[in-house]
Amino acid sequence: MDKFVIHGGKPLFGEVPVSGAKNAAVAIIPAAIMVNGVCRIENIPMVSDVLIQMEILRELGCGVRVIAPNTIEIDSRGLKSSVATSDLNRRMRASYYLIGAFLGRFHRAEVAMPGGCNFGGVRPIDQHMKGFEALGAKMDIRNGIVCADASQGLTGANVYLDVASVGATMNIMLAACLAEGQTVIENAAKEPHIVDLANFLNSMGADIMGAGTDVIKIRGVKALQGGFYSIIPDQIEAGTYMAAVAAAGGSVLVKGIIPKHMDCITAKLEEMGCEISEEEDNIRVTRSGPTHKIQVKTMYYPGFPTDMQPQLAAALCLAQGTSVVTEGVWENRFRYSDELRRMGARIQVDGKVAVIEGVEKLTGAPVRASDLRAGAALVIAGLAAEGVTEIEEIGYIERGYEDIVEKLRRLGADITRVTVADTPAMAKAN
Ligand code: EPU
C-alpha cells in the first residue's frame, strides 16, 4: 500500500495548473457510448476514476485510445451490449451514468449497483429511477444489478426532482437526449459539470436548453454524431489548492480556471482573511497573516460545494476563533475529523455540524484517508502541520487529483509518495 509522506510547515509559492473536471469527465465518457461515431475529448484528467471508466468502455467493446496527453478518442460504433455488470462497475459511483446512456441508445440496461466514495451515509439512486420510469422504462433492482427496460421506446416527460441531485439530473438528461419528444427536468442540479455534459451532448447533436438553471428542457433527437469536446477545469481541484494556501500560507497562482465557478469558494477564503485576485482565467490566493473563523454551510451550486467542505475544514483548524461548518448535502461527511484530531485539531461533530476551535499549530501524525475529499483535507493539514504526516489509503486521493504530488512539490511542498516497503531513506519521489 502506497502512502504520502509530508514534511509540513512550508508555505506554498508558485503556479499550479488545474486539470479537467473529474466529475464532468466521469459523465462525459459514458455519454460517448450514445454517439454513433468517434468522439475526441480533450482536457481529460488522468485520475483513477477516469481510467476505470475508460476500462469499463473497453470491456464493453468500445474503442478507447489515448491519442495525446489528456486527450482520448472513443469509438462506440461497434458497441452491442447494454450489460455492464463486471466488478469494475462496482468500484465507482459514476458507473450509474451507463444506465442513462444504455437506455438512450438501446432502450435497455443492466448495470451493477454503483460503489464509490463512502462517507458513511446512504447514497440512494431513487431520483434516477423515478426519472427513467417517467420516460417509460420499467426499473428493477435484482441481485445488485439495476435493470431497465424500455422496449416500447422512451418518451419525453416532465420530471420533478425531489432533491436537486447531480447524478439524477445528468442521468435523466442522457436518456432523454434520444427519447421521443420533449423532457423537462424541474429542480435540476446546476453544478458546472451539468452544463459541461449538456454542452458535450449538444456538440454531438443533442438539443438541450437551460442547463445551469433549475429547469432543463431536452428535445429528443434521432441520433448523436461524433465530434470534438474539451472538458471544463476542475472547480474542486482548484479550490483544494486554494485551501492549501489558506492553511499553509504563501502565494499561489491557480491557473486555468473559470472565475465564475470559483466565486462560492473565493468568498469564504476572503472571509477567512486570504487575499484573492482574479487574472482572466487564473486566480491568485495569498495568505500572509493569520486567518479567522467563519461559518459555512454546504449547499447545491452556486452555494459552497460539499466537495470542498473537508478541505476548508482542514484550513479552519488553524484559523483564529471558533468556526461552524454545516453539511447541507450529505448525511455524514465528517469522518476525517478523527484523523485531524490526531494532528491536534479541535473539532466537535454533532450530526451535520462541526464546530472547529482554531489551534496555533497542527502536528504531523500517521493518518488514513476515508474518501477522496477527506484525503485531500489530510494532505492540506499535513502541508500546514509541524513535523511528518503519513497518509494511508491514498488510492482515494488518486481517484480525483491528477499529479497531486508533483503539483505540490512544484509549489515547494515536501511531499513524497512511498510504498510501505520503502524506508524513509529510500523514499521515491513520484
Ligand atoms: N439523493 C437522493 N436520491 C437520489 C440521488 C441523490 O436522495 O436518487 C441525495 C443524496 O443522498 C445527497 C444529495 O441527494 O444527499 C446529493 O446527491 P447527488 O446525487 O447530487 O450526488 P452524486 O451525483 O451521487 C455527485 C458527485 C459528488 C458530489 C455530489 C454533490 C460525481 C461522480 N459525484 O455525486 O462528488 O459530492 O454530486 O455535489 O459527480 C466527490 O467528487 O468527492 C464527490 C463525492
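This is a predicted model: local features need pLDDT of at least 70, side-chain atom pairs count only at pLDDT 80 or more; totals for chains, interfaces and linings use all residues.
Good morning, colleagues. I begin with the cysteines. A disulfide is a covalent bond between the sulfur atoms of two cysteines. In this model the count of disulfides is zero. Take C39, which takes part in no disulfide: the nearest cysteine sulfur belongs to C62 and lies 9.9 Å away. Is C39 buried or exposed? Its relative accessibility is 0%, so C39 counts as buried. C147, with a relative accessibility of 9%, is therefore counted as buried as well, since the cut-off for that class is under 20%.

I turn now to strand β1, which spans residues 2-7. Which strands pair with β1? One is β24, residues 414-419, joined to β1 in the antiparallel sense through six bridges. Within that pairing, F4 has R417 of β24 as its bridge partner. Another is β23, residues 388-392, whose pairing with β1 is also antiparallel and runs over four bridges.

My last topic is helix packing. Two packed helices are described by the angle between their axes and the distance between the axes. For helix α1, residues 22-31, and helix α7, residues 192-203, the angle is about 30° and the axes are 9 Å apart. Because angles under 35 degrees count as roughly parallel, α1 and α7 are placed in that class. The crossing of α1 past α7 is right-handed. On the α1 side the contact is made by N23, A24, A27, I28 and A31; on the α7 side, H193, D196, L197, F200 and L201 make it.

Thank you for your attention.

Conventions
Residues are numbered from 1 along each chain as its sequence is written. Side-chain values use heavy atoms; hydrogens and water are left out. A disulfide is a pair of cysteine sulfur atoms within 2.5 Å. Buried means under 20% relative accessible area, exposed over 50%, partly exposed in between (1.4 Å probe, protein chains only). Two strands pair if DSSP finds at least two bridges between them. Helices (H or I, at least four residues) and strands (E, at least two) are DSSP runs, numbered from the N terminus. Axes are lines fitted to C-alpha atoms, for helices over the stretch in contact, and angles run from 0 to 180 degrees between N-to-C directions. Angles under 35 degrees count as roughly parallel, over 145 as roughly antiparallel, 65 to 115 as roughly perpendicular and the rest as oblique. A crossing is left-handed if the near helix is turned anticlockwise from the far one by less than a right angle, and right-handed if clockwise. Contact means heavy atoms within 4.5 Å.
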